[in-house]
Amino acid sequence: MIDTHCHLNDSQFDNDLENVINSFFVSGGDSIICVSADYPSSIKAKQIAEINDNIYYTIGVHPDDCNSYDETELEDLIITKSDKLVAIGEIGLDYFHNKLNRAKQIEVFTSQINLAIKYRLPIIIHCRDAYQDVLEILKKYSPLEVGVVMHCYSGSLEFARELIKLGVKISFTGNVTYKNSIKTKDVAKNIPLESMFFETDAPYLTPEPNRGKRNEPKYVFNTAKFVAELRGIDADELIKITDENAKKFFNI
Ligand code: NI
C-alpha cells in the first residue's frame with residue numbers, strides 16, 4: 001500500500017527514521033510520498049528520497065509558512081530535482097490558523113500553482129476553513145490538468161462532490177477514524193472509489209486504535225481498513241483501487 005502523504009522529514013523522525021521506514025515495508029507497505037512544508041523540509045525530503053528505494057518526495061511551502069516563500073528559491077528546487085520529485089505540496093490556504101494574512105496566502109498559493117503548471121507537476125492542497133477560496137482559485141488558474149488532491153479532506157460531502165466534478169482527488173488521513181469525524185465519515189462512505197486515496201500525514205493524525213501515539217506510515221493500513229468497513233467492502237480490494245488512483249496521480 002502507498003502512504004501518499006507523510007512527513008518523514010519532520011524532526012520527530014530524526015532519531016529512528018530508518019526503523020520507521022523499515023517497519024512500513026515489513027508491514028506490507030509499497031511506497032511513501034514524503035511531503036514538504038517549507039524550503040528546508042523540501043531539501044530534506046529530497047535527501048530522504050534519494051537514499052531510500054520506493055520513497056518519493058514533494059516540494060512546497062505550506063500556508064502557515066507563506067512569509068518564508070521565495071518563488072525563485074522554489075523554482076530552483078524544481079530545476080535541480082531528482083526523478084523522484086512527484087508533486088508540489090503541501091500548498092494551499094489555512095484560515096483556521098491564520099485569518100489575517102489571506103492576501104499573502106493566496107499570492108503564495110497561486111505562485112506555486114503556476115510553477116506546478118509550468119513544470120507539469122500535480123499539486124497537494126492543504127485547506128482549512130477556506131474551501132470557497134480554494135475552489136475559486138482552482139477554477140481561475142486551472143491546475144486540474146496536472147492533477148489536484150485535497151489532502152486530509154475535512155469538508156462537507158456536498159463540497160467534495162463539487163471538487164470531484166472538477167477532477168480533484170480526495171485524500172483521507174487517520175482523522176476519519178475519530179469518533180467525532182461524522183462529516184468526514186460521510187464523505188469517505190459516499191464518494192466514488194476512483195476519486196480517493198489514503199495517507200497518514202505522519203507524525204500527525206494517528207488513526208485509531210493508536211490515536212495519541214506518534215503516527216507512522218505503517219498505520220495507513222488502519223485508515224484504509226476503517227473506510228473499507230464503513231463502505232462494507234473488502235479492505236484489500238479497496239487498497240488495490242486507491243493505490244492505482246495514487247500511482248496514476250503521482251505518475252509512479
Ligand atoms: Ni501534511
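Trainee: Where does His7 lie?

Mentor: His7 lies in the loop between E1 and H1. Helices (H or I, at least four residues) and strands (E, at least two) are DSSP runs, numbered from the N terminus. This is a predicted model, where local features need pLDDT of at least 70, side-chain atom pairs count only at pLDDT 80 or more, and totals for chains, interfaces and linings use all residues. Residues are numbered from 1 along each chain as its sequence is written, and side-chain values use heavy atoms, with hydrogens and water left out.

Trainee: Is His7 buried or exposed?

Mentor: His7 is buried, at 8% relative accessibility. Buried means under 20% relative accessible area, exposed over 50%, partly exposed in between (1.4 Å probe, protein chains only).

Trainee: What does His7 touch?

Mentor: Leaving out residues up to four places away in sequence, its contacts include Phe13, Val35, Glu90 and Asp201. Contact means heavy atoms within 4.5 Å.

Trainee: Which residues coordinate the nickel ion?

Mentor: His5 (NE2), His7 (NE2), Glu90 (OE) and Asp201 (OD), at 2.1 to 2.3 Å. Donors are N, O and S atoms within 2.8 Å of the metal (3.2 Å for Na, K and Ca); water is not among the atoms, so sites may look incomplete.

Trainee: New topic. Which peptide bond is cis at Pro203?

Mentor: The one from Ala202 to Pro203, with omega near 10°. Glu208 and Pro209 are also joined by a cis bond, omega about 5°.

Trainee: What is phi at Cys152?

Mentor: About 50°, positive although Cys152 is not a glycine. Most residues other than glycine have a negative phi.

Trainee: Last one. How do the axes of H5 and H6 cross?

Mentor: At roughly 10°, with the axes of H5 (residues 131-141) and H6 (residues 157-165) coming within 11 Å. That makes H5 roughly parallel to H6. Angles under 35 degrees count as roughly parallel, over 145 as roughly antiparallel, 65 to 115 as roughly perpendicular and the rest as oblique. Axes are lines fitted to C-alpha atoms, for helices over the stretch in contact, and angles run from 0 to 180 degrees between N-to-C directions.
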